[in-house]
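Trainee: I'd like to learn how to read the features of a structure, one at a time. Can we go through this one together?

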Amino acid sequence: MMKYAFVRQVIWCVFALILLTFSLGISWQISKTTNFLYSFWYQTLHIDEVIKKNVPKNTQGKRDFPVDNFQLHEKMFAEIVDAIHQQGNQEDNQLGKLQGNLPSNTLSKISYVNHQSILKALLTKSEVVHLQDVANLLRSLEKLWWVNLLILLGMIFFYCRKEQTISVNSIREMPTGKQKIISLLSFIILLVVILSIWGFTEVFYYLHTVVFPENHQWFFYYRDSLMATLMKAPDIFSAIAAQLLLVALFLTWGVDTVLRRYQVKHSKQRA
């Protein structure tokens, strides 16, 4: 009995992680439609103060960027978000690679108008390359999300099959609420311990070294980058990560609850 209970718990933990991955994808799409709540984080993280402090020190010839225009700041962030999801003009991107030049895409075309009514590019070449790397990463993650979805559907089918068709129904049955809470708390405590030891920023930077090409710049000082300044990186990424996780956990809890109620209802009908 203990063996079956342990296996059941392990299967549910795998299911929960797969379901959470699915929910994170949905959460990302929801957040994207709201521009990742940039206006809210703009005020909460006091991004305007970072902009006013660092734009006058910009080393890339962009000290003329308007610092008191929230609508412009929000628009620039939205255009970056749209561009990395569109992944730029793929034909131009391939041509640029063949010629050894910077790809000409929607990222490099993002621009602002300074106080002299001159149109200037928002991003530097290094920033465009980095954001193109981000776009490529999102494309890869999207493919993994679809594979994850197929696995999730298989596990949902596993949990929803009629109990009498399963030889060892104790494995198929979902754990109790108490057992789920214990598993989740254990996972959260482990995650908190890891982040406490290494720190979110350190983990964030380490993942960049693993994910992005070695010769591509991914770290930008505020004085060198309007992009980093507009986002108050990496603070806004911590906030967005929490936002994504909160929505994903809610979706995960909802699906899991529906499945559990289905099993309980089916058991009662069978009895």
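Trainee: Let's start with Leu20: is this residue buried or exposed?

Mentor: Buried means under 20% relative accessible area, exposed means over 50%, and partly exposed is in between (1.4 Å probe, protein chains only). Leu20 has a relative accessible area of 16%, so it counts as buried. Keep in mind that this is a predicted model, where local features need pLDDT of at least 70, side-chain atom pairs count only at pLDDT 80 or more, and totals for chains, interfaces and linings use all residues. Residues are numbered from 1 along each chain as its sequence is written, and side-chain values use heavy atoms, with hydrogens and water left out.

Trainee: Where is Leu20 found, and what does it touch?

Mentor: Leu20 is found in helix H1, residues 2-33. Helices (H or I, at least four residues) and strands (E, at least two) are DSSP runs, numbered from the N terminus. Contact means heavy atoms within 4.5 Å. Not counting residues up to four places away in sequence, Leu20 touches Leu245, Ala248, Leu249 and Thr252. Leu20 and Phe250 are 230 residues apart in sequence, yet 9.6 Å apart in space, C-alpha to C-alpha.

Trainee: What about nonpolar cores?

Mentor: In soluble globular proteins, nonpolar side chains tend to be buried together. A nonpolar core is a set of buried Ala, Val, Leu, Ile, Met, Phe, Trp, Tyr and Cys residues joined through side-chain atoms within 4.5 Å. The largest one here has 37 residues, and those with the most contacts inside it are Phe65, Leu122, Leu123 and Ile236. Among the elements giving two or more residues to this core are H2 (38-44), H6 (125-160) and H11 (235-270). Its largest share, seven residues, comes from H4. A second, separate core has 13 residues, including Leu19 and Met174.

Trainee: Which residues does Leu123 contact, leaving aside neighbours within four places in sequence?

Mentor: They are Lys62, Ile80, Leu107, Ile110, Val128, Leu131 and Met227.

Trainee: How many disulfides does a search of the whole structure find?

Mentor: A disulfide is a covalent bond between the sulfur atoms of two cysteines. The test is a pair of cysteine sulfur atoms within 2.5 Å, and the search finds zero. As for cysteines, Cys13 is partly exposed at 29%, and Cys160 is partly exposed at 23%.

Trainee: And how do I read aromatic pairs?

Mentor: A pair of aromatic rings is described by the distance of the centres and the angle of the planes. Rings of Phe, Tyr and Trp (its six-membered ring) pair if their centres lie within 6.5 Å; planes under 30 degrees apart count as stacked, over 60 as edge-to-face and the rest as tilted. By this rule the count comes to 15 aromatic pairs. Trp28 and Phe36 have ring centres 4.9 Å apart and planes at 70°, so they are edge-to-face. Tyr38 and Phe77 have centres 4.4 Å apart and planes at 15°, so that pair is stacked. It links distant parts of the chain: Tyr38 in H2 and Phe77 in H4, 39 residues apart.
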